[in-house]
Amino acid sequence: MTTMESPSIMDNTTVVGGALSNIGETEFLREPFNSKVSRSEPSDGKSSIGARVVSKSLRHSPDYLDIDRPFFIKISKEGLISALEKLDQQLKQSNRGRILSRKSPTDWIGKEITPGELGLINHGGLPKLLTRPGRYPGFPLRNWWARTWCGTKGLSDTVISFQGLTVVQVSQNQAAVVSDPQNQIFVIKNSGFVAYAVEGSYDVLAIVDQTHLSHSIKDTSTGVILGWTDEITMPSAVSGQRREYVVALFLNIPANNCAILQKGDDLELLTAGQHYITNPNVTLRGMYTLGENQKEMPTKDIFTRDQVPVSLTIYLKWQLTEPLKLATHGYNTPYDALRDKTQSILTQIVAHLDYSSMVKQRSLGPDMDDGTDSSSAFLDALRTRAMDDLHMAALDYGIILKDLAVIDRQFKGEIAATMDKLTTRALQAQVEAANVDRENSNKIKQEEGALAVARVKAESRNTQADAEAYSVVAAAKAQAQRLQIEAEAQAKATRLAAEAEAEAVRVKAEADTKVLDQFAREMELRRIDVARVKAFGARTVFVPTDGMGAQMGGAMATGMAAAMGADSRRAL
């Protein structure tokens, strides 16, 4: 890869400060064939002139400063003042008027020059410069008799043109296009010069911003921006008519793009970067993108074997890898080359197929046919022969074909119209059948859904009944356990009460047995009688149950019963 160092001033140079490329020096932009061949000799003996790829760069030409030019000083690191002093010494040695004034500044009156400025004086048509800051008075008059004050200019101004003196200083991304007294065009960037034209003049034609060129170049087929250009013109009067002539062309090529230059039959490749052309023998052949591109391509009418015209819409996806091959074949875009070759290959394929084998298949994709359909002949031909043939043909143009598909086809003629009607009817029948199947499927799904809902409801009811039965059983068990616990508690309480009462009787009996005094015993018996009378009433007759008293009681009861019976008979 050849790179021009910047800053530089070039004459008849196409590229400055950009990355240049010779063919074959990178793997991606490789030289496709012999770089020395310029003419081809066919076997029939007829010679034809063809484009050739040169190994020597078209852009190399002598630097403008390599030739000794009088009164032309390049601005170095010392700056503009140092270059003006060198130019002044050259003029002095050639016995010409000097350009630096010998006036000394004051600080109290006169024309003021601040630091960073140049004072301009017209000395009888010749330039005089004041470089030291200060004030310059207008006397003595003899010093200003033939002199005129013309103002000031900044030391950092891009262009200063005064009375034959030309100063040009450009910064980064700037490029100055200059015409010298012999009308030779050169470009300067990232530097500057000071020149005094004894005969003619140095004309600054333009200051170009290389990152914002005025005209964009687009791919006519895909619409992709390939780069930007800017043409610099110079006015010239020919036969009394003033016209503009292009003297320089600037290029700004974005990343992954390239351009091809042509000089006669010689071609050269330019990679991405900022370039310019001033050599009138070198022209811009074209710009290309090296990225992937895709486009739909409508074909012309193609006739099947049974003479039915068909128009196809093809999807193409490609990538240009060797632009020089494409340029040598005379194509401006990769799409133009692929379009012609695709049309030719599809014409050969379709000419061997019947209409019936093409009409059944609606589109082409990688997984749409298993090879069992009778219409697969067209797809097989496209996937094998068309893809392979077009891929091999594209390689001859430096193009890699990455994808090919048929996305639409239109049949024409009366037969095609009739077949289209039949096909439409068949499709309508298929659609209706599909709709019926869809409706039946929907009804089946609805019934299945209703059955599933009923099943869920039944399961819900069973679950609820099981829960209620479980609740009843649990409640009954709880009630039985409660009653059992209460009965057991009551029995235990009764047993405890009886035991307590028996124990009390026993204790009381034991206490009574221990009473030995007869009076105490009698008193206890009387207390018992009092308690019994109190319990049963004062009119209660207590009959003894043992001895003679027991028998008297029985007789008394018999007499009372007889009396009661007699009273009842009387009542009757």
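Analyst: Helix H8 is followed by Gly537, a residue with a positive phi near 105°. Helices (H or I, at least four residues) and strands (E, at least two) are DSSP runs, numbered from the N terminus. The structure is a predicted model, in which local features need pLDDT of at least 70 and side-chain atom pairs count only at pLDDT 80 or more, while totals for chains, interfaces and linings use all residues. Residues are numbered from 1 along each chain as its sequence is written, and side-chain values use heavy atoms, with hydrogens and water left out.

H8 itself covers residues 518–536. Its 19 residues should span 27 Å at 1.5 Å a residue, and its end C-alpha atoms are 27 Å apart, which agrees. The expected span of a helix is 1.5 Å times one less than its number of residues.

Helix H1 may be set beside it. H1 comprises the 14 residues 80–93, and its first and last C-alpha atoms lie 20 Å apart, close to the 20 Å expected. Just after H1, Asn95 takes a positive phi of about 60°. The buried residues of H1 are Leu80, Ser82, Ala83, Leu84, Leu87, Asp88 and Leu91, where buried means under 20% relative accessible area, exposed over 50%, and partly exposed in between (1.4 Å probe, protein chains only). Among the elements that cover these buried residues are E5, strand E7 (117–123), strand E8 (126–130), strand E12 (165–169) and strand E15 (192–196).

These helices belong to a protein with 9 helices and 27 strands. Of its 572 residues, 34% count as buried. Among contacts with a separation of 6 or more, 63% are between residues 24 or more positions apart; contact means heavy atoms within 4.5 Å.

E7, one of the strands covering H1, also takes part in pairing, for which DSSP must find at least two bridges between two strands. E7 is joined to strand E10 (residues 147–154) by 6 bridges in the antiparallel sense, and E7 and E8 are likewise antiparallel, over 5 bridges. Gly119 stands opposite Thr152 in E10 and has Leu130 as its bridge partner in E8. The hairpin of E7 and E8 has 2 residues between the strands, and there Gly124 takes a positive phi near 60°.

Gly116 lies in the loop between strand E6 (111–113) and E7. Its relative accessibility is 42%, so Gly116 counts as partly exposed. Leaving aside neighbours within four places in sequence, Gly116 is in contact with Lys153, Gly154 and Leu155. The C-alpha atoms of Gly116 and Ser156 are separated by 7.6 Å, although the two are 40 residues apart along the chain.

The whole structure holds 8 aromatic pairs; rings of Phe, Tyr and Trp (its six-membered ring) pair if their centres lie within 6.5 Å, with planes under 30 degrees apart counted as stacked, over 60 as edge-to-face and the rest as tilted. Phe72 and Phe186 form an edge-to-face pair, 6.1 Å centre to centre with 75° between the planes. Phe72 is in strand E5 (residues 72–74) and Phe186 in strand E14 (residues 185–189), so this pair ties together parts that are 114 residues apart in sequence. Both Phe72 and Phe186 are buried. The rings of Phe250 and Tyr276 have centres 5.5 Å apart and planes at 40°, so that pair is tilted. Phe250 belongs to strand E19 (residues 241–253) and Tyr276 to strand E22 (residues 273–277), 26 residues apart. Phe250 and Tyr276 are both buried. Ring pairs also link Phe72, Phe186, Phe193 and Tyr202 into a cluster.

Gln210 is buried, with a relative accessible area of 2%. Leaving aside neighbours within four places in sequence, its contacts include Phe250, Lys189 and Asn252. The side chains of Gln210 and Lys189 make a polar contact (3.4 Å). A polar contact is a pair of N or O atoms within 3.5 Å; within protein, one must be able to donate a hydrogen and the other to accept it, and residues adjacent in sequence count only if both atoms are side-chain atoms.
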